[in-house]
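Here's a walk through a predicted model, one piece at a time. Have the viewer open and follow along.

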Amino acid sequence: MIRIAPSLLSADFAFLKNEIDLMQDSGADWLHYDVMDGQFVPNLSFGPKILSDIKRYAYIPIDVHLMVNEPYHLLRPFAEAGADYITIHVEACEDPGRYFQEIKNLGLKCGISLRPGTSLTSIEPWLDQVDLILVMSVEPGYGGQAFMPEALERIRTLYQMREDQKLSYFIEVDGGINLSTAPLVTQAGADILVAGSALFGKENPGQIMEDMRR
């Protein structure tokens, strides 16, 4: 089943509750929550307090994507704020295994992500430890970027590795996902589509989600 995860980075923050209610009522499966530190990526975004506030009315899983250098100190605060998944970047953590163990100790699912220019070999040691692999199909840091087609081969490779090694991680894709690119990434093997500007501010996000799943 294809899951749709609206990216809150594209929401209108002045009406965040209304935006989340609309996405949930429209059939969203997850919410994608980008955390940026202004160092690993050149942008800043949400912290644990906003997640805690959101969790009061969000009833679908929240996937917290940490685009932060060495964010070990943030694992517990985001877990306590209501994260269901926490995804770290392989480039930002010296010892990813330490992170995955702590995330699991906190009762959450763990994920790993990598920039478009980072080799898949960098995450191979962790494939049997993670619940999710987030393929970035844009450079992380800003919403509204164009999809990078080279991501498709990475998705196909991860799908084949999952089959060959009998693993069970989700393959999530983030960046430039819309009605044109959704069929490409799902055919390549993606399970979860993170979409921002393709959903927020649109007249009928529910229909768009349905069309993406098809």
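K166 sits in the loop that joins α5 (151-165) to β7 (170-174); helices here are DSSP runs of H or I with at least four residues, strands are runs of E with at least two, and both are numbered from the N terminus. K166 has a positive phi of about 55° even though it isn't a glycine. For background, most residues other than glycine have a negative phi, and most peptide bonds are trans. K166 is also exposed, at a relative accessible area of 75%. On the scale used here, buried means under 20% relative accessible area, exposed means over 50%, and partly exposed is what lies in between, with a 1.4 Å probe and protein chains only.

A quick word on ground rules: this is a predicted model, where local features need pLDDT of at least 70 and side-chain atom pairs count only at pLDDT 80 or more, while totals for chains, interfaces and linings use all residues. Residues are numbered from 1 along each chain as its sequence is written, and side-chain values use heavy atoms, with hydrogens and water left out.

E70 is another non-glycine with a positive phi, of about 40°. Look for E70 in the loop between β3 (62-67) and α3. E70 is partly exposed, with a relative accessible area of 34%.

How do the axes of α3 and α4 cross? Helix α3 (residues 72-81) and helix α4 (residues 96-105) have axes that come within 10 Å and cross at roughly 20°. The axes are lines fitted to C-alpha atoms, for helices over the stretch in contact, and the angles run from 0 to 180 degrees between N-to-C directions. Angles under 35 degrees count as roughly parallel, over 145 as roughly antiparallel, 65 to 115 as roughly perpendicular and the rest as oblique. So α3 and α4 are roughly parallel to each other. The crossing of α3 past α4 is right-handed, as the near helix is turned clockwise from the far one by less than a right angle.

On the α3 side, Y72, L75 and R76 do the meeting, and their partners in α4 are R98, Y99, E102 and I103. Contact here means heavy atoms within 4.5 Å. Sort the residues of this contact by type and you get four nonpolar, no polar and three charged. In that sorting, Ala, Val, Leu, Ile, Met, Phe, Trp, Tyr, Cys and Pro are nonpolar, Asp, Glu, Lys and Arg are charged, and the others, Gly among them, are polar.

Just after α4, G107 takes a positive phi of about 90°.

Just after α1 comes G27, with a positive phi of about 105°.

What about the interior? In soluble globular proteins, nonpolar side chains tend to be buried together. A nonpolar core is a set of buried Ala, Val, Leu, Ile, Met, Phe, Trp, Tyr and Cys residues joined through side-chain atoms within 4.5 Å. The largest one here has 71 residues, and Y33 and V64 touch the most other members. Leaving out residues up to four places away in sequence, V64 touches Y33, V35, L51, F78, A83, Y85, I86 and T87. Apart from that core lies another, of nine residues, including A5, L134, V138 and I192.

M136 lies in strand β6 (residues 132-136) and is buried, with a relative accessible area of 4%. Beyond its neighbours within four places in sequence, M136 is in contact with H65, H89, S113, L114, P116 and D174. The C-alpha atoms of M136 and S113 are separated by 7.2 Å, though the two residues are 23 apart along the chain. E139, in the loop between β6 and α5, is partly exposed, with a relative accessible area of 36%. With neighbours within four places set aside again, E139 is in contact with R115, P116, Q145 and M148.
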